[in-house]
Amino acid sequence: MTHTTSSCPEIQALLQSLDAQRSHILDMVDGLDAKDLRRPVLPSGWSCLGLVQHLALDVERFWFRAVMTGDTSVIDALGDIDDAWQVAPDVPPAEVLDRYRRETDLSNSAVTVTTPDTPLVWWPHHLFGEPHLHTVRDVLLHVITETACHAGHLDAARELIDGRRRLVLT
């Protein structure tokens, strides 16, 4: 992840928090082979690789490049993937991980040229009805929360896969 900086202390602090969660995500999949990255861990059927792809497409790309900036090429392509949680068997794991890193870099670049109170450019009424997020601050807080939640999911998944635990104080 490229750590771009903003002149706004609040944006810097929020991006620092988000980058910590993104690093947690990548740390929890580091060292897993392709088989374990693709293995469904819970009854719902998601895999660690599917979760990372979801974060790249449904979180980073969606919230920052579609909702925050209104990038029409991204908005037009949102329907191209039926279920980001499912990674096609012919897609190499490195491609998914690299996509996540690229999307986080694009997100950071978009955020650092804004202020916390910058209004959002596009809202997906067809998905969420009336807007419940209104500013860059709102999106950053939403994405920090979602990424942290999924980092916790990966903590549990990784422990089920090979027993690895992160930041355990015992």
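A nonpolar core is taken here as a set of buried Ala, Val, Leu, Ile, Met, Phe, Trp, Tyr and Cys residues joined through side-chain atoms within 4.5 Å, where buried means under 20% relative accessible area, exposed means over 50%, and partly exposed covers the range in between (1.4 Å probe, protein chains only). The structure is a predicted model, in which local features need pLDDT of at least 70 and side-chain atom pairs count only at pLDDT 80 or more, whereas totals for chains, interfaces and linings use all residues. Residues are numbered from 1 along each chain as its sequence is written, and side-chain values use heavy atoms, with hydrogens and water left out.

The largest nonpolar core holds 46 residues, and those that touch the most other members are Ile-25, Cys-48, Trp-63, Phe-64, Val-111, Leu-140 and Leu-154. Two or more residues of this core come from each of α1, α3, α5 and α7, the helices (H or I, at least four residues), like strands (E, at least two), being DSSP runs numbered from the N terminus. The greatest contribution to this core is that of α3, with 13 residues.

Eleven salt bridges are found in a search of the whole structure, a salt bridge being a side-chain nitrogen of Lys or Arg within 4 Å of a carboxyl oxygen of Asp or Glu. Side chains of opposite charge can pair when their charged atoms come close. In the salt bridge between Arg-166 and Asp-27, the closest N and O atoms are 2.8 Å apart. This pair links distant parts of the chain, with Arg-166 in the segment after α7 (136-162) and Asp-27 in helix α1 (residues 9-29), 139 residues apart. Arg-166 is partly exposed, at a relative accessible area of 23%, and Asp-27 is likewise partly exposed, at 25%.

A second salt bridge joins Arg-65 to Glu-103, with the closest N and O atoms 2.9 Å apart. Because Arg-65 lies in helix α3 (residues 48-68) and Glu-103 in helix α5 (residues 93-111), this pair ties together parts that are 38 residues apart in sequence. Both Arg-65 and Glu-103 are buried, and the relative accessibility of Glu-103 is 3%. Glu-103 also forms a salt bridge with Arg-99, for which the closest N and O atoms are 3.2 Å apart; Glu-103 and Arg-99 are four residues apart in helix α5 and are therefore separated by about one helical turn. Arg-99, at 28% relative accessibility, counts as partly exposed.

Arg-22 is placed in helix α1 and is buried, with a relative accessible area of 0%. The side chain of Arg-22 makes polar contacts with the side chain of Asp-19 at 2.7 Å and with the side chain of Glu-60 at 2.8 Å. Asp-138, in helix α7, is partly exposed at 22% relative accessibility, and a polar atom of its side chain lies 2.7 Å from the backbone nitrogen of His-134.

Grid points are joined across faces, edges and corners, and a volume is the space filled by probe spheres set on the points. The largest pocket has a volume of about 240 Å³ and is lined by 13 residues, of which Leu-57, Asp-58, Phe-62, Leu-78 and Leu-127 lie nearest its centre. At least two lining residues are supplied by each of α3, α6 (125-128) and α7, with the largest share, five residues, coming from α3. The lining of the largest pocket comprises eight nonpolar, two polar and three charged residues, where Ala, Val, Leu, Ile, Met, Phe, Trp, Tyr, Cys and Pro count as nonpolar, Asp, Glu, Lys and Arg as charged, and the others, Gly among them, as polar.

The second largest pocket has a volume of about 160 Å³, and its lining includes Gln-53, Leu-57, Glu-95, Arg-99 and Arg-102. The elements that give two or more residues to this lining are α3 and α5, and α5 gives the most, with four residues.

Note on methods:
1 Å grid on protein atoms, 1.4 Å probe; cavity = no way out; pocket = protein on both sides within 12 Å on 5 of 7 lines; lining within 4 Å. Polar contact = N/O pair within 3.5 Å; in protein donor to acceptor, adjacent residues only side chain to side chain.
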